[in-house]
Amino acid sequence: MSTAQKPTMEFKSSLDIAKIREDFPVLKREVNGHPLVYLDNAATTQKPQAVIDALDNYYSQYNSNVHRGIHRLSQEATDAYEAAREKVRLFLGARDIKEVIFTRGVTEGINLVAFSFGEKFVSEGDEILITEMEHHSNIVPWQLMCERKGATLQVVPINERGELRMDKLEEMLTERTKLLSVVHVSNALGSVNPIGEIVEMAHAKGAKVLVDGAQAAPHLPIDVQALDCDFYAISSHKVFGPTGIGALYGKRELLEEMPPYQGGGDMIELVSFERTTWNELPYKFEAGTPNIADGIAFGAALDYFRKLDSKALVDYENELLTYATESISDLPGIRFIGTAENKASVLGFVVDGIHAHDLGAILDMEGVAVRVGHHCAQPVMRHFEIPGSVRASFAFYNSREDVDRFSAALHKAVEIHKGDDVAKDRDIFDTSAETIQETQQRIVDKFSSYDNWEERYQAIIDLGQQLPPVPEEVKQEKFIVRGCQSTVYLKAEMEGDRVMFKAGSNAMIVNGLIAILLQVYSNRTTDEVVNTPPEFIQKLGLSENLTQGRANGLAAMIEQIKLYAYALKMTRQSGR
Ligand code: 7TS
């Protein structure tokens, strides 16, 4: 079996990663019998004890509503909440605390601007510019706004490395462009956009600029005044704080002119049934009781983050990324998705012939958490003509050992899927000499000879590799089995008195499960299919090998097989 060769690269960083890791309790846990390797930081980061303590302290010591009580607890809560706002201001480099609006996160920040800026400044015939590398959160709110206002959404393309086409941006920015909304660091590619330059270009045409800073905030120093952007959105949970809170920076003069986004308590000055006047900034945009506890803990996260040397963090994360890239670049069939010159902390890739879900599942078995799929950036996947990718995303608490474990697990996953030692000495789907019970027993016997999940996994993959490709006529919406994680097609038809199933999926482990089911249930009478319970599945010992999602998918496939057989039986009985 080929094993991962560790690159000899020397790390220059002097950060004490072992000490930093001590601050994050979850990093001590085990997953599937292995110490956790958490490489899904672009989805959400882990929280240091200081953040957990801030939440605990708020609820156990001074839980109270803000901005309205004159009693002691309310004042303490208000002070802590407003102190957190000041921490966000510092973090973003905003001039004025009134320019910092608490939101639920980047998604809400963008929606707020799309609605409120849209109401005030956008009309029919105007254009909104976004880019091909945006997260869905920075696409859909603009589509909704354009529909409302009769404006047009334009998309600046990316190149083959996953970099923004600056030449196209220049061309597409016109006097009609009201606003450009662009990501600072792409979550699917890691590309870092030259925001300062982009803002200058947009302002030259009179367009405002919103920056989606979801992925930049944990990796790059941010200074909204130096960038001169008009809006900047961040999420607390990507910068080591809690979920459900974030912040939107907006230039004061713009925010002053924009109408409220939501109505309710806290955002008003005076209310009468004839007329209501708005509270001052930032409260005008903060209707209702805010997320007080998480806001305070967001502040604690920024305190924690600020105490670390940000330049050293950036350098260390770049070293990790380079080391990880080198560690897996020898894998046969690997293709990196996102190879921008200027890149941060995201390693995206596909491996030829192996579905991203299959790789992710094996990594999970080894305790390595990565993200697989389209990462809420379907246009990026379309650009690279792939259904999805594997994404390892790093934070400063990831160690060199984490990367070694990731690389070793990935090499193992690729090895398991190679499929060149599959014994194809007989057609496993020719079960005509066996009763349905005999087939079940044969499969159960075979699986009981395996000692561990790896052997079972290998066996399932080998079975999957023997499954004939799904015929085109089966690849239709109406044959998709609902409830599966991957796309699974399943079709049944009668041949004489036998029901024949054709099925397949885009993930090899699912094909393996299908191969087991087809051996048992295909080429049987409808009565045999309907009357044979799927208990044998329990005896295969797959619980270790299947995530809950996969187990549910397996149950959905069995259910569908039985439903088809029952329907065919009924059709025959009624003579149709
Ligand atoms: N923009 C970018 C660039 C993101 O990466 C995300 C979340 C969002 C916006 C939305 O942020 P939210 O906090 O409002 O949800 N990205 C991811 C991801 O890559 N995997 O899970 C969430």
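The side chain of Asp 212 places an N or O atom 2.5 Å from a nitrogen atom of the ligand, a polar contact being a pair of N or O atoms within 3.5 Å. The ligand taken alone exposes 490 Å², of which the protein buries 87% (Shrake-Rupley method, 1.4 Å probe).

This is a predicted model, where local features need pLDDT of at least 70 and side-chain atom pairs pLDDT 80 or more, while totals for chains, interfaces and linings use all residues. Residues are numbered from 1 along each chain as its sequence is written, and side-chain values use heavy atoms, without hydrogens and water.

## The shell

There are 15 residues around the ligand, and Thr 107, Asp 212, Gln 215, Ser 235 and Arg 391 come nearest (near: a heavy atom within 4 Å). Both domain 1 (17-45 + 309-401) and domain 2 (62-306) supply at least three residues to this shell, with bounds from an automatic or database domain assignment.

How values were computed
A polar contact is a pair of N or O atoms within 3.5 Å; within protein, one must be able to donate a hydrogen and the other to accept it, and residues adjacent in sequence count only if both atoms are side-chain atoms.
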